[in-house]
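Hello,

Here is the structure I promised to pass on to you. Please open it next to this email and follow along.

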Amino acid sequence: MDIAAELLAGSRLALSRAITAVENEYDEATAIMQQLYPHTGQAYVIGVTGPPGAGKSTLTDKLVKVYRRQGKTVGIIAVDPTSPFSGGAILGDRIRMNELTLDEGVFIRSMGTRGSLGGLSRKTADVVKIMDAAGKDVIFVETVGVGQSEVDIVKAADTTVVVLVPGLGDDIQAIKAGILEIGDVFAINKADREGAERLKAELNMMLDLDQAKSAWRPSIRQTVANAGQGIEELVATIDEHAAFLGTSGELVRRRTARARNELIALIEEQISHRILKDIAASGQLDALAAALAERREDPYAIVKRLLAAYLR
Amino acid sequence: MERHIRVLVAKPGLDGHDRGAKVVARALRDAGFEVIYTGLRQTPEQITEAALQEDVNVVALSLLSGAHNTLFPKVVNMVRGKGMNDVLVIGGGVIPDADIPGLKEAGVAAVFTPGTPTASIIDFIKANVK
Amino acid sequence: MANESLQAKMAAYTAKVEKAAAKNPERQNLVPNRLYTPLDLEAFDYERDLGFPGEYPFTRGVQPTMYRGRFWTMRQYAGFATAEESNKRYRYLLEQGQTGLSCAFDLPTQIGYDSDDPIAEGEIGKVGVAIDTLKDMEILFDQIDLGKVSTSMTINAPAAVLLAMYIAVAEKQGVSADKLNGTIQNDILKEYAARGTYIFPPKPSMRLITNIFEYCSKNVPQWNTISISGYHIREAGSTAAQEIAFTIADGIAYVDAAIKAGLNVDDFAGRLSFFWNAHNNVLEEVAKFRASRRVWAKVMKERFGAQSPKSWMLRVHTQTAGSMLTAQQPDNNIVRVALQTAAAVLGGTQSLHTNSRDEALALPTEDSVRIALRTQQIVAYESGLADVVDPLGGSYYVEALTDKIEKECWEYIKKIDELGGAPAAIEKGYIQREIQESAYRWQMEVENKQRVIVGVNQFQIKEKPAEGLLRVDASVGEFQKSKLAKVKAERDGAAVQAKLAALETACGDEHQNLMPFILNAVKTYASLGEICGVMRKVFGEYEAHVSL
């Protein structure tokens, strides 16, 4: 089947298969992406990140329902960690979004990180584009949530929502360790628990210290996701941030930066793929490795030679 | 190109006995598969839609209430009806031997009864996913 | 200095055994590879740790006589298809010498759906009897005198509704509520943690439970208002110590909730009962029963300050481990069940269900159920195991193991207290994760043959498919639906609506006890699904916390 054409015609199965093709780097993946690219750039991308147990999936579920009531279609990408030992993964975020499964206006895809370390999978950006081309108005990207190094989300999302909960004990540590810089909007979830006000005060203080670098002062909202409290307000804040990005010209700057990063990544990937695939298949790679191990050659000279041969 | 087998582990019907489903999910993860687990009380419609969105190679159904003759074939039909012709539907649980031929006839690729080592399930999936 | 001499001899013995064990490495995981001696009981104090049967801390049993006055209640869990069919099975079991009834309900009933709900498709009458309205309950207990029999009902989320139906049937038989004897499971926390038939979120669920405590303490005083269940936690894969630890933690949460609702601990604590699993490892199970009584007695006396000795007693119903039955060579299950029965009796259970040999394949046939009941009768009348109170008390091994399990239990309770109690620990997924870890470890041990299951990973034979299994006819669903339609057509619709509306209002007022409202609705033949539907509307539904 012509996956891209069927996807553009509205097939959910084709959308699903396109994601697989890209995620698994099937031969047709580049062609599919090329066909879809002109249809991208429409969706608004919201990143959801935060420590494990913060309630990211439940919060996403509730946010999505608000957008659905507004008549918007939604794509959700939920990333879970791949085991470095087995290469397997348990992708369990859907469980908290079961009510969305049968909503035709929603498409949920779970992804394993497959070795990537920044809280997303290497192919997440492409999957965002695929859902974008499939006409989703809003795309949620939920990160792994293992802790502090989830900086990739900033590169993938227009608005990044950082979800925190009171009483995890390491609130301030997490904030110091970099979550502060990536949030456009902060949601203090499970705000009916003790310590919500204190966390908010501490967060406010730190945001004030950190304010110099942007015209947007990140907002803090309190939510109790499983009771549906504070969700409308959180959506309003996300919308405010989106409006700010639009009027300030920041959206164009962010998307340009993102395009630049993606281009660099694509160049790196394609070049290394092209060369590596070739020399691995021909056995040249093993021969060169042996030569290096015996110090008959030096790696710098090899690379220079390869580049000269392949990049003519 | 790396091979990533994706499996939806689902509990149709109303029984809450998920020990088997969870043990299998973990064993499949440890065998290198990507496992999507959707929790209890999933209708055939929900299972089918999740299988479609996740583009899984295998739908693994676990059921201990005795409703397998109704629900397993229904999932197979709905999965095929959505064009997922190459998706393997397998099942496990308290299932009398006498029911197995009927379930296979209905398109269930394999039925695993109590006492099956998880390794047999893993081997079956590896051998039969195209 | 007797101990020094003993220690020296023990060291010499251990060295000898280790040398021998090195020759048989494959047996290492199977036996506690050691000999228990007085060295293992150095801190043992008979009067403090054991005392006498019927006395604090009840290690040796809750009754002074223990099986001397009468045996445990032999109570086979049964129910399938329709109320008509199940009524026949109940009367058969009573004729065969069973001394109490135990009702199994089908899954739609357990989750508060009527048989005509689309979600019930394929499930009607499958794992128990389908109950839609009071009509079904009248048929279920037809010709059974509710003033004489004691009835246990495995029902949790909609326990209040089924109890109300039972009270209403009794009233029609001319039996007043204060004469009723029996138990409802009514233990929602383990549904969240292990069994999965929950409906409402924790808060309204706990309210329903405390409403039942309060209502029964005034109106149905002999009723056991909850059966705090470790059985399903064990079936889900926990260890023996986890089974009692998580269950006692649940028990603590219920007592806390009732006290918070304004009840006096001694008014309801005597009606709390427990439900243990009788698993394969006989002596470990005996130690578990003994440890659980000691822990609960201390919890009630020291933590809650209960004054009445009745409040300190852990009374327990037991069922043999369903998950240990094998589909392979099913007749071997008879032997497993016999050993599990021995464990439960040596452990001092008050009531017992024995599983049938064919339950890994289907619901049991009448023949299989009879063998299971006979197993109890053989243990009771022929084995001599019930002749003496706590016959294993004083065994070096059993006492040491009892101490060890108790210690593990306290460690878990402490950890759960730190997490904010059992409901919080369940919400955080802690208890579920601990159970899953144990379940996975067990499975891997079986697959690596570190743990031998006869007929499954060793001593297999080529077998013919099992024959003569019980099958629930697909027509049961249709029959049940038409019966419900008939009841709905014949009842007073306006009365139903009025009572449901009153229930809905009461649900919204935290200070109302819901039992009288439910009882009123049930009497109008409002269906289980309609009543639970009203509560769903007000209370919402529980969203499971799953972590793998």
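This is a predicted model: local features need pLDDT of at least 70, side-chain atom pairs count only at pLDDT 80 or more; totals for chains, interfaces and linings use all residues.

Residues are numbered from 1 along each chain as its sequence is written, while chains are lettered from A and ligands numbered from 1 in the order in which they are written.

Helix 16 of chain C has 23 residues and spans 33 Å from its first C-alpha to its last, close to the 33 Å expected at 1.5 Å a residue (the expected span is 1.5 Å times one less than the number of residues). Its buried residues include Leu401(C), Ile405(C) and Cys409(C) (buried: 20 or more other C-beta atoms within 10 Å of the residue's own, with C-beta atoms placed from the backbone). Among the elements covering the buried residues of helix 16 of chain C are helix 10, helix 12 and helix 17 of chain C. Just after helix 16 of chain C, Gly420(C) has a positive phi of about 105°.

How do helix 12 and helix 16 of chain C cross, and at roughly what angle? Their axes come within 8 Å and cross at roughly 55° (axes are lines fitted to C-alpha atoms, for helices over the stretch in contact, and angles run from 0 to 180 degrees between N-to-C directions). That makes helix 12 of chain C oblique to helix 16 of chain C (under 35 degrees is roughly parallel, over 145 roughly antiparallel, 65 to 115 roughly perpendicular, and the rest oblique). Residues of helix 12 of chain C, including Leu283(C) and Ala287(C), meet residues of helix 16 of chain C, including Val398(C) and Ile405(C) (contact: C-beta atoms, placed from the backbone, within 7 Å).

In chain B, the axes of helix 2 and helix 3 come within 9 Å and cross at roughly 40°. Helix 2 and helix 3 of chain B are therefore oblique to each other.

Finally, the chains themselves. The contact between chain C and chain B takes 32 residues from chain C and 29 residues from chain B. Helix 18 of chain C gives the largest share of chain C's side, five residues. Between chain A and chain C, four residues of chain A are in contact with four residues of chain C.

Enjoy exploring!

Note on methods: Helices (H or I, at least four residues) and strands (E, at least two) are DSSP runs, numbered from the N terminus. Two residues are in contact if their C-beta atoms, placed from the backbone, lie within 7 Å. A residue is buried if 20 or more other C-beta atoms lie within 10 Å of its own, exposed if 12 or fewer, and partly exposed in between; C-beta atoms are placed from the backbone.
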